[in-house]
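Hi,

Here is the structure I promised to pass on.

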Amino acid sequence: MNQTKIGAYIKELRIKNNMSQSQLAQKLSVTNQAISKWENGRGIPDIEMLKQLSTIFNVKVDDLINGESKRKNNNNKKLLLILVSIIIIAIVITIVVLANHQPNNFNFNSIASDNDKFSIKGVIAYNNNKKSIYISDIKYQTTTSEEDKYVVAECILYEVNGNTEKKLSQCGDISNHKTYETKEANTLTTLLKDVEFNLDNYTCTCGKNSCNNLYLRVNAIDTNNKTITYNIPIQIDNKCTK
């Protein structure tokens, strides 16, 4: 038996029951020194005293001998098991939720143009939940020496449905253009090099076989303050709907 553990448990029970050492000594008909000796682990009560202590504190003699309540240990074990069960259930629920919300694999189709003056690179990505369009690398198909000079340009992505034209996105704006000096002019390729379109939730309304209802409109102002417009049709390989 662990005298120190037994003594600490007797002290814990005494304090829990709002008793002083003197009060407990009176109930047991022993001296205060005896109670102090037990609680400090310098001795243990005999079996008769243990029986009386069990009655006074409403605990089992076995608990006093072990220096702890088995019921308390069982409760702790139950709480631990409940906590572990809750954690496991939470992990399972999280895995299921994440699995159900994982997006389907995306399909990718390339975007290009058959315009003889411009080259375009891009992709359309789609699955059952969403469609996204990314267009970049717009180049004017001519040698630098032959290319005209422009001071400002804008690029607008349109979708055409019958006679309806819908603007999807725009890069640049020439509406606030002011007269620039000729030395500030650049080639159209230079002005368009940073242009890119990224439509994260595009609603594709094209036909089943191919998409040919998108086009880019490039408006550029040259050094003579004249606006030049290019309409560049866009093709998307295969269908972009399931």
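**What I found**

The protein chain has seven helices and nine strands. Keep in mind that this is a predicted model. Of the 242 residues in the chain, 35% are buried. If you take the contacts with a separation of 6 or more, 60% of them are between residues 24 or more positions apart. The chain exposes about 15400 Å², and carbon and sulfur atoms supply 48% of that area.

Start with helix H2 (residues 21-28) and helix H3 (residues 32-39), which pack with their axes 8 Å apart and at an angle of about 110 degrees. Angles of 65 to 115 degrees count as roughly perpendicular, so that is how H2 and H3 sit relative to each other. On the H2 side, the residues that meet H3 are Gln-21, Ser-22, Leu-24, Ala-25 and Leu-28. Their counterparts in H3 are Asn-32, Ile-35, Ser-36, Trp-38 and Glu-39.

Glu-39 turns up again in a salt bridge with Arg-14, where the closest N and O atoms are 2.5 Å apart. Arg-14 belongs to helix H1 (residues 3-16) and Glu-39 to H3, so this pair ties together parts that are 25 residues apart in sequence. Are these two residues buried or exposed? Both Arg-14 and Glu-39 are buried.

**The other salt bridges**

The count comes to four salt bridges. One of the others pairs Glu-165 with Arg-217, at 3.4 Å between the closest N and O atoms. Glu-165 lies in strand S5 (residues 164-171) and Arg-217 in strand S8 (residues 211-222), so the link spans parts 52 residues apart in sequence. Glu-165 is partly exposed, at 41% relative accessibility.

Within it, the side chains of Lys-139 and Asp-137 meet at 3.8 Å, N to O. Lys-139 is partly exposed with a relative accessible area of 40%, and Asp-137 is also partly exposed, at 26%.

**A nonpolar patch**

Last one: which residues form a nonpolar patch on the surface? They are Leu-80, Val-84, Ile-88 and Val-92, and together they have about 350 Å² of accessible area. Val-92 lies in helix H6 (residues 70-101) and counts as partly exposed, at 46% relative accessibility.

Cheers

Notes:
Residues are numbered from 1 along each chain as its sequence is written. This is a predicted model: local features need pLDDT of at least 70, side-chain atom pairs count only at pLDDT 80 or more; totals for chains, interfaces and linings use all residues. Side-chain values use heavy atoms; hydrogens and water are left out. Patches are made of residues with over 30% relative accessible area and no salt bridge: like charges are joined within 9 Å, nonpolar side chains (Val, Leu, Ile, Met, Phe, Trp, Tyr) within 5 Å. Accessible areas come from the Shrake-Rupley method with a 1.4 Å probe; for residues, only the protein chains shown count as cover. Helices (H or I, at least four residues) and strands (E, at least two) are DSSP runs, numbered from the N terminus. Buried means under 20% relative accessible area, exposed over 50%, partly exposed in between (1.4 Å probe, protein chains only). Axes are lines fitted to C-alpha atoms, for helices over the stretch in contact, and angles run from 0 to 180 degrees between N-to-C directions. Angles under 35 degrees count as roughly parallel, over 145 as roughly antiparallel, 65 to 115 as roughly perpendicular and the rest as oblique. Contact means heavy atoms within 4.5 Å.
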